[in-house]
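Let's walk through this one together, from the overall fold down to the ligands. Have the model open as you read.

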Amino acid sequence: MQEDKQIKKCTRCGLCASVCPLYEIKPSEKTIARGKFLQLLGVLKGDLILNKKIRDNINFCLNCSKCTQNCPSEINALELFASIKHKNLTFIEKILNSKFAFKFKLSPIKFIFPPSRKLSLKKGEIYFKGCVPNYSNFGENTCCGLPYIASGNIEAANTMIKKNIKIIENPRVKKVYFDCASCMQTVANYPFKNPEAIEKLVLLEPLYFPEDKKFSIHKPCHMSQKEFFTLEETLKKRVNYISAYDDKNFRCCGFGGTFFIKHPLVALELCLRNAQKFIDLKTDYVLSPCPVCTLGLRFGMWYLKFIKGKKHNVKIKQY
Ligand code: SF4
Ligand code: SF4
């Protein structure tokens, strides 16, 4: 990839500012793709050194891909950041972004939230377990690779991608179910030899409906708007469904990837704003097709109730 050519496609239209969840919290040019590109262009030209300050700016990102999804110049910001990070990984960063370090960072979450249910699968159907699996039908797949792509550890990501492609392209596999929109989006972008393999990928629909209670859905950043609105059309037929969004107000849970470990205060701010939105809607349940969003929302609800003293009975459930 020629990074400078990609960056020069930026027309500075500012659309990435209007969709970046972090810009709401830290409204600075350095927060958004456009500003990060400018710094990177300086580095590529040799005018700037890729020092800690610039690295930290590039890493101040939820990898939510909203800038990429909405960029009229079709610049894949995440691919660009990953490629530049990959070429400039320091020895310490290589250790911190290794498979071992990632597993270690996630182990407390997996310990607190072990998978508690089993998905009923037919012959030829498999469940794609992500970092924080919700179901215990563990197959042979490995991580989708997103956390490694985002951190610039492309070698590790490629090993995982190769292994998963082999599993998914196996003719015996007819359907691959995902309970994580981020894994699903990452896998859908794999370089499959057989492009029809993409048709096997299915994001699970809600399996649980609180029939006598009001419920809403939290849309994860990596679930496309098209996918979400299709799901909403079905849900709107249920009298107890409360839509939480219009076209613009999708809000990130703040827990994307390992962002909450690196920037706990910013993650907390985002997760509280999100939780408050559902309390204001007076919904009883919030369902989410993402284990990490579920975690973020649960924490937000708990924090508002027990630390901030807000009375509410909103329950968060992954579907
Ligand atoms: S949306 Fe794309 S083209 Fe517009 S300013 Fe952001 S990066 Fe540049
Ligand atoms: S990926 Fe998300 S958080 Fe990162 S710069 Fe783009 S919109 Fe902002």
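What share of the contacts in the protein with a separation of 6 or more comes from residues 24 or more positions apart? That share is 68%, where two residues are in contact if their C-beta atoms, placed from the backbone, lie within 7 Å.

A quick word on ground rules: this is a predicted model, with local features needing pLDDT of at least 70, side-chain atom pairs counting only at pLDDT 80 or more, and totals for chains, interfaces and linings using all residues. Residues are numbered from 1 along each chain as its sequence is written, while chains are lettered from A and ligands numbered from 1 in the order in which they are written.

Now zoom out. The C-alpha trace spans about 60 × 50 × 35 Å along its principal axes. The radius of gyration is 20 Å, which agrees with the value near 20 Å for a compact globule of 319 residues (taken over C-alpha atoms; the rule is 2.2 Å times the number of residues to the power 0.38). You'll find 16 helices and 6 strands, which are DSSP runs numbered from the N terminus (helices H or I, at least four residues; strands E, at least two).

On to the ligands. Ligand 1 has 13 residues around it, and Cys10, Cys13, Leu15, Cys16 and Cys71 come nearest (a residue counts if its C-beta atom, placed from the backbone, lies within 6 Å). Helix H2 (15-19) and helix H4 (33-45) each give two or more residues to that shell.

Ligand 2 is surrounded by 15 residues, the closest being Cys20, Cys61, Leu62, Cys64 and Cys67. Here helices H3 (21-25), H6 (66-70) and H7 (77-87) each supply two or more.
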